[in-house]
Amino acid sequence: MSTDAGSTRTTGAEPTDLKFAYWVPNVSGGLVVSDIEQRTDWGYAYNRDLARTAEANGFEYALSQVRYAASYGAAQQHESTSFSLALLLATERLKVIAAVHPGLWHPGVLAKFIITADHLSGGRAAVNVVSGWLKQEFTNFGEPWLDHDERYRRTAEFIQVLRGLWTEQDFELLGDFYRIHDFTLQPPPVDVPGRPHPEIFFGGNSTAARATAGRHADWYFSNGKDYDGFTEQHQEVSAHAAATGRDVRFGLNGFMIVRDSEKEAREVLREIVAKAHKPAVEGFRDAVTQAGKATRDGKGMWADSTFEDLIQYNDGFRTQLIGTPEQVAERMVEYKKRGVDLFLLGYLHFQEEIEQFGSAVLPLVREIEAEEARVA
Ligand SMILES: Cc1cc2nc3c(=O)[nH]c(=O)nc-3n(C[C@H](O)[C@H](O)[C@H](O)COP(=O)(O)O)c2cc1C
């Protein structure tokens, strides 16, 4: 594909157009826990080339995962903040979001790290604050594993520290988890029009997560959901945001399988499920009971996931981005009507399917968006 076509697609977007992010495959094993062939690689050279391909094919963001220990397929892992910085340095426009855990980072140290990454990249650094599910990552490091809702209280303070240190001088915070006294970070983040500080994404699905995201995050990431499941979260998080006079934007996870016919695409999903690595999927199911399921109302990520859902860590099949380019593009715009601002996408064969997205799906999405805007 020509670079010109790619950059037109990237920069030609209207401010209200859907945005796209991809999961950086910085842990081994791919995005599905299955023995189906996955043409991907967790190493740097592959990821550097992938990031460049992604920014030439309409992707505005990349999301690096955080995992410190092997778990259910992720036998090898590259650390998220350093890997994100490497990708920022290898690209020109891509914004790279590093996933981070409160409890394992001091927010002041992270705030400083991200400002440096922001300066090295011309204002393209971002974070995804995640509250964790893999208990051993904390306890084996000798850190306490807080009760579910306490983790989110800590996350709320963590975000307040990040935002405070990124926007204020002589910042003070006397919290239950963090204490910051008279602190000014110099330099401040890069001055990017319309962006007061590096963007703060947030991943979590439980009742506590929704309240925390609504009150504190810039972006809420939803696990894979059907239309109604997404709408329910959108309404709840938006209500929390409105109650505090804020605006939150929404990203939705989806595992994309685009083939020439719907039948072929469905056959790929069938093969993923047929070749699922059962012991790993079952082990994952046990581990994630630490998430929303552990709360009083039992709501949250993975709380009602089926075996098939869990083969993709983030319920990505539920979004049903599976079919022909036309079907998938139409479905994406339907989600947009329900409040999705950004799709977070995963693939079996990242490099080739990201190129396919840019050439076959994205132009259709833009056409449908333009048509919708015309008739509105
Ligand atoms: C889009 C997205 C990305 C996530 N990325 C990570 C990650 O990289 N590492 C991690 O440990 N957890 C990650 N999580 C999981 C969260 O840490 C958390 O355990 C999960 O969202 C459960 O939330 P709940 O208890 O609020 O339902 C992610 C969640 C979402 C929605």
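Is Asp-182 buried or exposed? I looked this up first. Asp-182 is exposed, because 8 other C-beta atoms lie within 10 Å (exposed means 12 or fewer within 10 Å, buried 20 or more, partly exposed in between, with C-beta atoms placed from the backbone).

Some ground rules for my notes. Residues are numbered from 1 along each chain as its sequence is written. The model is predicted, so I note that local features need pLDDT of at least 70 and side-chain atom pairs count only at pLDDT 80 or more, while totals for chains, interfaces and linings use all residues.

Most residues other than glycine have a negative phi, and most peptide bonds are trans. Asp-182 has a positive phi, near 50 degrees, and sits in strand 6 (strands are DSSP E runs of at least two residues, helices H or I runs of at least four, numbered from the N terminus). Asp-315 also has a positive phi, near 55 degrees, in the loop between helix 11 (307-310) and strand 11 (322-323). Asp-315 is buried, because 25 other C-beta atoms lie within 10 Å. I then found a cis peptide bond joining Gln-186 and Pro-187, with omega about 0 degrees. Pro-187 is in the loop between strand 6 (179-183) and strand 7 (199-203).

**The barrel.** I traced eight strands closing into a barrel in the order 1-2-3-4-7-8-9-12, with parallel pairing (two strands pair if DSSP finds at least two bridges between them). Strand 2 (residues 61-64) and strand 3 (residues 95-100) pair over four bridges in the parallel sense. I picked out Ala-62, whose bridge partner in strand 3 is Val-96.
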